[in-house]
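Try each task before reading its solution.

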There are 2 protein chains.
Amino acid sequence: MEITSENKSHGGRQLVVKHASSATSTEMTFAIYLPPQAGNGGRVPLLWYLSGLTCTHANVVEKGEYRAACADHGIAFVAPDTSPRGAGVPTAPDGAWDFGLGAGFYVDATEEPWATNYRMWTYVTDELPALVGAEFPVDLGRQSITGHSMGGHGALTVALTRPDRFRSVSAFAPIVAPGQVPWGQKALAGYLGDDKAAWRKHDAVALIEDGARVPELLVDVGTADPFLEGELRPELLDQACRAAGIDLTLRLQPGYDHSYYFISTLMADHVRWHAERLD
Amino acid sequence: MEITSENKSHGGRQLVVKHASSATSTEMTFAIYLPPQAGNGGRVPLLWYLSGLTCTHANVVEKGEYRAACADHGIAFVAPDTSPRGAGVPTAPDGAWDFGLGAGFYVDATEEPWATNYRMWTYVTDELPALVGAEFPVDLGRQSITGHSMGGHGALTVALTRPDRFRSVSAFAPIVAPGQVPWGQKALAGYLGDDKAAWRKHDAVALIEDGARVPELLVDVGTADPFLEGELRPELLDQACRAAGIDLTLRLQPGYDHSYYFISTLMADHVRWHAERLD
């Protein structure tokens with residue numbers, strides 16, 4: 001593990017870290033913000049943030065406006081990359097931005113040529129939590145998770161699969177039913193093949209239909225989001241949660257789009273919401 | 001004038017605007033954030049932010065974390081570019097990042113080949129205020145100004161030259177005495193020539209020594225700023241303010257560097273400080 005940059009911010013430390021990943025067989029980079037409370041020998045709770053298509057760790061670090069709220073509440077904030085990268089990592093043959101680099105979709109690929117490196121599920125659920133817990137003063141007994149778009153999909157599916165691990169889960173403009181929308185169908189078919197039974201483990205709505213449960217969910221989506229009707233389809237999550245008795249707070253935010261201008265507007269509120277559940 | 005992007009954020013509107021500038025004889029781009037209070041037919045006060053070396057309007061828009069505070073206090077926030085750009089605009093022959101593009105230093109150049117386009121003083125003090133006042137619901141009777149590094153130099157010199165215009169002035173890690181430090185000497189000699197009398201109008205410490213006055217100043221500088229001793233030299237401002245009876249609040253922020261991680265940490269506090277003076 002190598003800390004490649006460290007900057008004091010809002011009283012804490014914003015770090016960028018590089019390490020060799022056994023999950024992806026590549027070098028991986030992630031960002032972690034340690035609030036001022038992490039400097040006193042104690043361990044602080046941890047909020048995961050999974051990013052959307054085309055992003056690296058850097059987008060939310062630069063534009064997410066999370067540090068002030070994390071410092072206020074004493075929460076560490078971890079932002080992984082969205083795919084493996086580097087020499088030897090296969091990329092989409094058509095140069096697509098919605099598959100391959102920057103688009104790992106938080107699955108362990110089983111199809112070739114992706115299966116060797118595109119193992120973001122194992123990376124974000126096993127390898128990175130173990131590394132972060134070993135190297136930084138965080139309390140793995142108090143974790144929450146959130147994410148944006150593809151990363152909202154990741155946050156929902158990870159939390160629904162490991163409900164014991166997370167005190168709370170929220171999402172910004174998530175892809176809630178990848179098996180039913182173009183971005184998700186392309187990714188799941190590409191990484192997992194044509195057997196749609198395998199897709200259901202990586203589809204929040206399908207997971208809920210199949211019995212996965214969390215007590216509550218917080219989801220914000222902008223009404224001016226250009227992907228609302230074609231890719232996000234929050235109404236499918238609403239229906240699934242109603243049928244399953246999951247307490248979903250779904251907020252349609254008037255006039256907001258899909259960008260970090262939207263995310264940063266709601267970020268402090270999500271951090272506060274998670275903080276109440278991490279106490 | 002053309003609005004090239006508009007995004008709802010923190011209840012208001014973040015705009016990026018392009019226009020033909022008569023000051024620089026180029027197209028210029030700036031950013032303006034209009035808080036939610038600007039939507040009701042009234043006019044809101046205006047905080048100027050002048051950026052540092054290598055920046056465009058975009059750096060503070062992405063990393064400055066000013067929108068939440070501006071929305072809270074009902075203040076518009078304008079971020080101009082740092083130099084003219086485009087075909088025909090001369091650039092530093094050595095590809096320097098501290099002269100030419102991104103380094104206009106908020107002066108009207110008198111030396112060739114810079115004198116035609118590098119007229120950022122006129123741009124930020126005359127042309128852009130007139131445009132912003134005509135096109136947006138802002139109250140030019142309530143303006144304040146701040147900036148970072150080279151832009152801190154700009155904010156201080158503009159406010160000291162037009163004290164009647166600004167209710168308050170602050171700066172993040174400003175170059176306070178460009179005539180006495182390498183960045184400033186290179187820029188002032190290049191744009192204004194070797195006559196050091198001309199430099200004094202663009203040097204905050206010299207302006208104060210020569211009788212310019214504002215009632216008070218707020219300046220933050222990080223103790224881990226690598227430019228502290230060689231380029232920023234806040235002690236020179238402190239000495240000048242003491243001699244002149246200017247109420248300078250100079251805060252040395254322990255462990256902070258020269259980056260937007262530092263600026264964003266203090267931004268809400270500067271916005272609040274200006275808001276109290278813009279009421």
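Predicted model: local features only at pLDDT ≥ 70, side-chain atom pairs only at ≥ 80, totals over all residues.

Helices (H or I, at least four residues) and strands (E, at least two) are DSSP runs, numbered from the N terminus.

**Exercise 1. A cis peptide bond and its surroundings**

Find the geometry of the peptide bond from E112(A) to P113(A), then describe where E112(A) sits.

Solution. 
- Step 1: Read omega for the bond that runs from E112(A) to P113(A); the angle is near 5 degrees, and the bond is cis.
- Step 2: Locate E112(A), which belongs to the loop between strand 5 (76–80) and helix 3 (120–135) of chain A.
- Step 3: Check accessibility. Exposed means over 50% relative accessible area, and E112(A), at 58%, counts as exposed.
- Step 4: Look around E112(A) for charge: together with E111(A), D194(A) and D195(A), E112(A) forms a negative surface patch.
- Step 5: Turn to chain B, where the peptide bond from E112(B) to P113(B) is cis, with omega near 5 degrees. P113(B) is placed in the loop between strand 5 (76–80) and helix 3 (120–135) of chain B.

**Exercise 2. Cysteines without a partner**

How many disulfides are there over all chains? Explain the case of C55(B).

Solution. 
- Step 1: A search of the whole structure finds zero disulfides over all chains.
- Step 2: C55(A) is an example: it is in no disulfide, and the nearest cysteine sulfur, in C70(A), is 17 Å away.
- Step 3: In chain B, the closest cysteine sulfur to that of C55(B) belongs to C70(B); the separation is 17 Å, so the two are too far apart for a bond. The cut-off for a disulfide is 2.5 Å between the sulfur atoms.

**Exercise 3. Salt bridges across the chain**

Count the salt bridges over all chains, then trace the pair made by R251(A) and D220(A).

Solution. 
- Step 1: The side chains of R251(A) and D220(A) form a salt bridge at 2.8 Å, N to O. This pair links distant parts of the chain, 31 residues apart: R251(A) is in strand 9 (residues 247–253) and D220(A) in strand 8 (residues 216–222) of chain A.
- Step 2: Compare the partners. R251(A) is partly exposed, at 25% relative accessible area, whereas D220(A) is buried at 0%.
- Step 3: Widen the view to the network of salt bridges that links E216(A), D220(A), R251(A), D269(A), R272(A), E276(A) and R277(A).
- Step 4: Take another pair, D126(A) and R162(A), whose side chains meet in a salt bridge at 3.4 Å, N to O. The two are 36 residues apart, with D126(A) in helix 3 and R162(A) in the loop between helix 4 (150–161) and strand 7 (166–172) of chain A.
- Step 5: D126(A) is partly exposed at 38% relative accessibility, and R162(A) is partly exposed at 22%.

**Exercise 4. Far in sequence**

How far apart in space are I32(A) and Q14(A), C-alpha to C-alpha?

Solution. 
- Step 1: I32(A) is in strand 3 (residues 26–34) of chain A, and at 0% relative accessibility I32(A) counts as buried.
- Step 2: I32(A) and Q14(A) are 18 residues apart in sequence, and their C-alpha atoms are 6.1 Å apart in space.

Methods
Residues numbered from 1 in each chain as written. Chains lettered and ligands numbered in written order. Heavy atoms only, no water. Patch = residues over 30% accessible without salt bridge, like charges linked within 9 Å, V, L, I, M, F, W, Y side chains within 5 Å. Areas by Shrake-Rupley, 256 points an atom, 1.4 Å probe, with all protein chains shown as cover. Salt bridge = Lys/Arg side-chain N within 4 Å of Asp/Glu carboxyl O. Lys, Arg positive; Asp, Glu negative; His and termini not counted. Charge placed at Lys NZ, Arg CZ, Asp CG, Glu CD. Buried < 20%, exposed > 50% of the residue type's maximum accessible area, 1.4 Å probe, protein only.
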